[in-house]
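Dear colleague,

Please find the structure below, handed over for your records.

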Amino acid sequence: MNILDELEWRGLIADCTDKDELVKRLGSAPLVLYCGFDPTADSLHVGNLVPLLALRRFQTFGHHPIAVAGGATGSIGDPSGKTAERQLLTKQVLDANIAFVKEQLRRLLDFETKTNPARLVDNATWTEPVSYLEFLRDIGKYFSVNQMVAKESVRARMEDREAGISYTEFSYMLLQAFDFYHLRKEYNCELQIGGSDQWGNITAGIDLCRKKLGAPVFGLTLPLITNADGSKFGKSVAGAIWVDPKKTSVYRFYQFWIRTDDRDVIRYLKYFTFLTREEIAALEQQHTTKPEARDAHKALARAMTDLVHGPNATAEAIRASEILFGGELAGISEATFNDIVGEVPTKEIGKDKLEGAGSPLVELIVHAGLCPSKGQARKDIEGGGVYVNNVRETSFQRAITANDLLFGKHLLLRKGKRNYVVLTAQAS
């Protein structure tokens, strides 16, 4: 199976220029391709993954990927898919963002292989030395304003009389076309890939390469991902899902994938993972016959967390997830437990109440709202339905002291299988 067959099966081709010719070219020898990303934040988010993982897919088929950081284009702002002007970033911020993202790319692409190592380049290196007059003369003259206005990304903004589009963002297309021209000339790059919202920018670059170099190049776009309910992919209640664990913890990253809508899970296994056709077919069969086991969801979450954060981090995220299903707490980190705290109701309790002989468990269960009265709490304890830090407690005379606190702060109480409350001790 060639790379285009692989992408087709995974549902990852939205549009392609001269597809038959591209198939021939890919079959004749490895080619150089690129995908650009504007470093508008100090981390990638999951919405960036489809095109960047597509670069990796090409790399596994023997081709030569280039990731282009938009030190130049990022300072302008791409109007594609936007209803308003972007906030302009300073060079210092862009440089810092690129440095952070570069490290994240090392997990997604192989920069060390001897045969076809990935490259990371910054388009500021070839754009900044060109003067404004040189750019207008050598690049601008090849573009018709009529054609630029006809591009969807520009037309949509122009039709909004209130927002409109600035000359700055209107010029973005030329800068991205200049990237393709430079990469074709200097690196023999023959293919640009990107999201389907990049079609106009990609075809502008193809036209420039043809007019200035007389060189054939290709464009391929990948679908913009939406959830089955039509909502934008990559968002949670707390906001964007980031690759940087400081912005989105590994536990929350894992949870994002495990909570994928049943209607999306097989699609996302194809889009995001490197599982084989046979492995995904088996998971699809399991998902159809026994959806409650959530085998496909677990495979998706494990594969993505392994890819982005590594197997050790995945193992801790899985253990943390199991805690809310009665798993052991031993060895879990405080940071991960704090993520779990955000998943269940919490109540405060004065730390002084746990000093010395402590407080009766029956009182704490009532305080937590797990039982309406101490009498009911006693019955539930004697019936084996109450757990302290996920350990069953059957003595209604049990007292809770400061020694029972996790990390000196928290007490995890559970009644039955799923009713959790975290009591957090506060100084008086």
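Asparagine 188 is partly exposed, with a relative accessible area of 40%; buried means under 20% relative accessible area, exposed over 50%, and partly exposed in between, using a 1.4 Å probe and protein chains only. Asparagine 188 sits in the loop between helix 10 (172–187) and strand 5 (189–195), and its phi is near 55 degrees, a positive value in a residue other than glycine. Helices (H or I, at least four residues) and strands (E, at least two) are DSSP runs, numbered from the N terminus.

Arginine 294 is a further residue other than glycine with a positive phi, near 55 degrees. Arginine 294 belongs to the loop between helix 14 (277–289) and helix 15, and with a relative accessibility of 28% it counts as partly exposed.

Please note that this is a predicted model, in which local features need pLDDT of at least 70 and side-chain atom pairs count only at pLDDT 80 or more, while totals for chains, interfaces and linings use all residues. Residues are numbered from 1 along each chain as its sequence is written, and side-chain values use heavy atoms, with hydrogens and water left out.

Overall features

The protein contains 19 helices and 15 strands. Its C-alpha atoms fill a box of roughly 85 × 45 × 45 Å, taken along the principal axes. Of the 428 residues in the protein, 50% are buried. Among contacts with a separation of 6 or more, 73% are accounted for by residues 24 or more positions apart, where contact means heavy atoms within 4.5 Å.

Aromatic pairs

A pair of aromatic rings is described by the distance of the centres and the angle of the planes. Rings of Phe, Tyr and Trp (its six-membered ring) pair if their centres lie within 6.5 Å; planes under 30 degrees apart count as stacked, over 60 as edge-to-face and the rest as tilted. The structure holds 14 aromatic pairs. One of them joins phenylalanine 233 and phenylalanine 256 in an edge-to-face arrangement, at 5.6 Å centre to centre and with 65 degrees between the planes. This pair links distant parts of the chain, 23 residues apart: phenylalanine 233 is in the loop between strand 6 (218–222) and strand 7 (235–236), and phenylalanine 256 is in helix 12 (residues 250–258). Phenylalanine 233 is buried at a relative accessible area of 6%, and phenylalanine 256 is buried at 16%.

Phenylalanine 233 also pairs with phenylalanine 272; the ring centres are 5.1 Å apart and the planes are at 25 degrees, so this pair is stacked. Because phenylalanine 233 lies in the loop between strand 6 and strand 7 and phenylalanine 272 in helix 13 (residues 265–272), the pair ties together parts that are 39 residues apart in sequence. Phenylalanine 272 is buried, with a relative accessible area of 0%.

One aromatic cluster is formed by Phe233, Phe253, Phe256, Trp257, Tyr268, Tyr271 and Phe272. As for helix 12, eight of its nine residues are buried, so this helix is largely enclosed by the rest of the structure. The buried residues of helix 12 include Phe253, Phe256 and Trp257.

Helix packing

Two packed helices are described by the angle between their axes and the distance between the axes. Axes are lines fitted to C-alpha atoms, for helices over the stretch in contact, and angles run from 0 to 180 degrees between N-to-C directions. Angles under 35 degrees count as roughly parallel, over 145 as roughly antiparallel, 65 to 115 as roughly perpendicular and the rest as oblique.

The axes of helix 13 and helix 15 come within 9 Å and cross at roughly 25 degrees, which means that helix 13 is roughly parallel to helix 15. The contact involves Val265, Ile266, Tyr268, Leu269 and Phe272 of helix 13 and Ala296, His297, Ala299, Leu300 and Met304 of helix 15.

Helix 15 (residues 295–309) also meets helix 16 (residues 311–323), where the axes come within 7 Å and cross at roughly 135 degrees. Helix 15 is therefore oblique to helix 16. Arg302, Thr305, Asp306 and His309 of helix 15 make this contact with Pro311, Ala313, Thr314 and Ile318 of helix 16.

With kind regards
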